[in-house]
Amino acid sequence: MTTDQPVPTLAALPAPRSAPADDRMPGPAAGPRRGFLAKAFGVTAVLSAAGSGLGLLRDLLLARYFGADQGTDAFLVAWTVPETAAPLLIEDAMSFLMVPAFALALVLREEHPDAPDPVRQLVRATLPRLLLALSGLAVAVALGAPQLVDLLAPGLADPGLAVACTRITAITVLPFGVAGYLGAALRAHHRFTAPAGIYVAYNLGILAVLLGCHAFLGVRSAALGVALGSLLMAGLLIGPFLRRLRRGTSAAGARGSRQALVLMPLALLPVAAFTLTRQAQVFVERYLGSTLPPGTISHLNYAAKVSQLAMTAGILICTVTFPLVARALAAGDLTAARDRVEKDLGQAAAVVLLGTAFLMSCAPAVVALLFQRGAFGPQDTAATAAVIRVYSFGLPAQALIGVMVRPYFSLRPVVRRADDPGTEDGGRRLLDWYPVAAMLLGLGVTVAVGLLATPRFGAPGLAAGNAAGITVAAALLLRGLVLRGIPLRLRRVLGGHGRLAAAAAGAAALGAAASGLVADPLLSTLLGGLTVALAFAALGTGLGAHEVRGPVLAAARVLNPATVADEGKPPHGQ
C-alpha cells in the first residue's frame, strides 16, 4: 500500500496546504528557517567541493602516472563497479528511498512523542536486511568478475588486469550501502556535515594508496585505494548516526508495542531499476568504446569527470532541500513541495548552465591545465576536450533529472503509516515505473545515436549519444512529475529555463572568443571563465532570469547600496 496518487485522486494524502508564511519547514513541528538552509548548503558545498577537488587530484595522478592506455582502460572497466554502486547505494536509490522513510518516521515521532520511536523501528526493520543483501551482492560481484568484464568490454586489450581490479573494487558494495543508509538518516535529521564529508574520506583513501603504491602495484593501486576509501566513508558516519539514534524517545525500547510504520519492500524495485537504467549509459559507452583505439575509454572518463563538476554543483542544491521536500510530502503539503521543487529546478539549471557555458568555451585550456603532463600528451588533451564539449550539451538534463526524481519517489516511500489504509490500483503501480520507462527510452536514443555516430566520430559520437538520450529522459520525467501528483507550472518552469539557456549560449560564445586570445592554458582559462561569468550575469539579468537577477542585484547592493536602492522588482510570473 502506498500514499502516492496521480493528480486526479489524492485521497490518501492529507489535503494540500499552502506554504507556511513564516518560511518554516512544513510538517507537524517547526522546521529550520532560511538561515539554516543557507548554513547547511554552505557546509555541504564546502565539503563537496573539497571531495570533488580531491577526486580531481586523483584523476590528475591517474593521468600522470598511467596516461591513457590499455592499463587505464582495464582499471576503468573495473571502476564500473563503484561507479554503479555509488549512485545506487549512496547518491540516488538509497537516498530516494530512505530520506523519505526517515522523514515519515520523524513526522510520526513529532505527532506522537510518547509512542515507541518510529525511527528505531525503521532501523530495526531495514538495516539488518540491508547488510545481508549487500554482503551477498559483494561476493557475487567478486566471483562473477570474469563474466562481468567480458560483458562490459568484450574488446578490452587486457581483460586479466580488469578482472583483478574488479575483484578488488567489489569490496566497495558493502561500505557504500552502509554509507548511503547512514547518510540518508542523518540528512533526514538535518545533519549534513558528516554526509557531505564522505567523498573527502573516500578520495583521501584512494590518494594515500595511489601515492604510496603506484610504483610497484601499477594501476592495481588505484583499485586498492577505492576499496580503502569506501571503508573510510562508512566509518565516518557510524558515530554521528549512533548519536542521533540514541536521542530517540525512551519508549522506543518497547518492542511489543504497536508498530507505527509498515515496510513496503516492493518500493525498492522501481527505484533500483531507475538508477541502474540511468547508469547503463556508462555501460553503453564502455561497451562501444572498447572497440575503439586504446585510450578511448580513458578519454571518455576524464571528460566525464570534468564535465560532471558543473552538474554536481547544481545537485548540491537539492541535496540540502530534499529532506524538506520529503517532509512536506509526508505531511501532505503539496503546495510547499511544488514551490520548493520549482525553485530547485531553476537554481540547479542556473548553476549547471553557467558551468556548461564555461566548459563549452574553455575546454581545451581546462584539459591542458589539468591533465597535460607526464604520460598525458597533447593528443590526449585534444581528444578529451572534444568529448567535454559534446558531453556539456547533456549536463542541464542530468541535473534536472537529479532534482525531479527525488520528489517523484518521495511519494512512494519504502514505508507507510501503519494506520494508512491506502489502496492501489494498476495505474498507480504503473506510475512507479514511469521514470524507468523514461530512462529506457533515453537509453534507446543513446544506443541509436552511439551506433550511428561512433564509426565516423569516435568518442565524440558516444558523448553525443549520451547527451541526446539523457535530454529525452529529462523531458519525459518533467511531464511524469505532474502525473505523479506534484502540480508543477510547466510553462513557468520552461520559460525560466529558456531565459537561462539563452544567457548561457551568449556567454559561451563570448567566453570562447576571449579564451582564444591567449595561448597559455592558465591565462586562457581565467580570461574565458571571467568573461563567461560576467556575460552570463549580464545577459541573465537583462533577460529577466530571476535565478541570475536576484543574486546580481544582491551583490550590487552590497557593493554600492545607493545605486540600487530603487531597482525594480522581478517581473511577474518568474
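The following legends describe close-up views of a predicted model.

Residues are numbered from 1 along each chain as its sequence is written. In this predicted model, local features need pLDDT of at least 70 and side-chain atom pairs count only at pLDDT 80 or more, while totals for chains, interfaces and linings use all residues; side-chain values use heavy atoms, with hydrogens and water left out.

**Figure 1. Overview of the chain, with 22 helices and two strands.** Helices (H or I, at least four residues) and strands (E, at least two) are DSSP runs, numbered from the N terminus. Of the 574 residues, 57% are buried; buried denotes under 20% relative accessible area, exposed over 50%, and partly exposed in between (1.4 Å probe, protein chains only). The chain has an accessible surface of about 22700 Å², and carbon and sulfur atoms contribute 68% of that surface. Accessible areas come from the Shrake-Rupley method with a 1.4 Å probe, and for residues only the protein chains shown count as cover. Among contacts with a separation of 6 or more, 84% are between residues 24 or more positions apart, a contact being heavy atoms within 4.5 Å.

**Figure 2. The salt-bridge network around Arg-489.** A salt bridge requires a side-chain nitrogen of Lys or Arg within 4 Å of a carboxyl oxygen of Asp or Glu, and the structure holds five of them. Arg-489 pairs with Asp-339 at 3.2 Å, N to O. Asp-339 belongs to helix H14 (residues 334-371) and Arg-489 to the loop between H19 and H20, 150 residues apart. Arg-489 also forms a salt bridge with Glu-342 (2.5 Å, N to O). Because Glu-342 lies in helix H14 and Arg-489 in the loop between H19 and H20, this pair ties together parts that are 147 residues apart in sequence. Glu-342 is buried, at 10% relative accessible area. Shared partners join Arg-338, Asp-339, Glu-342 and Arg-489 into one network. Asp-339 is partly exposed at 29% relative accessibility, and Arg-489 is partly exposed at 31%.

**Figure 3. The buried residue Gln-281 in helix H12 (residues 268-289).** Gln-281 has a relative accessible area of 3%. Its side chain makes a polar contact of 2.9 Å with the side chain of Thr-446 and reaches the backbone oxygen of Asn-466 at 3.3 Å. A polar contact is a pair of N or O atoms within 3.5 Å; within protein, one must be able to donate a hydrogen and the other to accept it, and residues adjacent in sequence count only if both atoms are side-chain atoms. Beyond its neighbours within four places in sequence, the contacts of Gln-281 include Gln-398, Leu-443 and Ile-470.

**Figure 4. Helix H3 (residues 80-91), largely enclosed by the rest of the structure.** Of the 12 residues of H3, 11 are buried, including Thr-80, Glu-83 and Ile-90.

**Figure 5. A nonpolar surface patch of about 610 Å².** The patch is made by Leu-369, Leu-517, Val-518, Leu-522, Leu-523, Leu-526 and Leu-527. Patches consist of residues with over 30% relative accessible area and no salt bridge, like charges being joined within 9 Å and nonpolar side chains (Val, Leu, Ile, Met, Phe, Trp, Tyr) within 5 Å. Helix H21 (residues 521-543) supplies the largest share, four residues. Leu-517 lies in the loop between helix H20 (490-515) and H21 and is exposed, with a relative accessible area of 67%.
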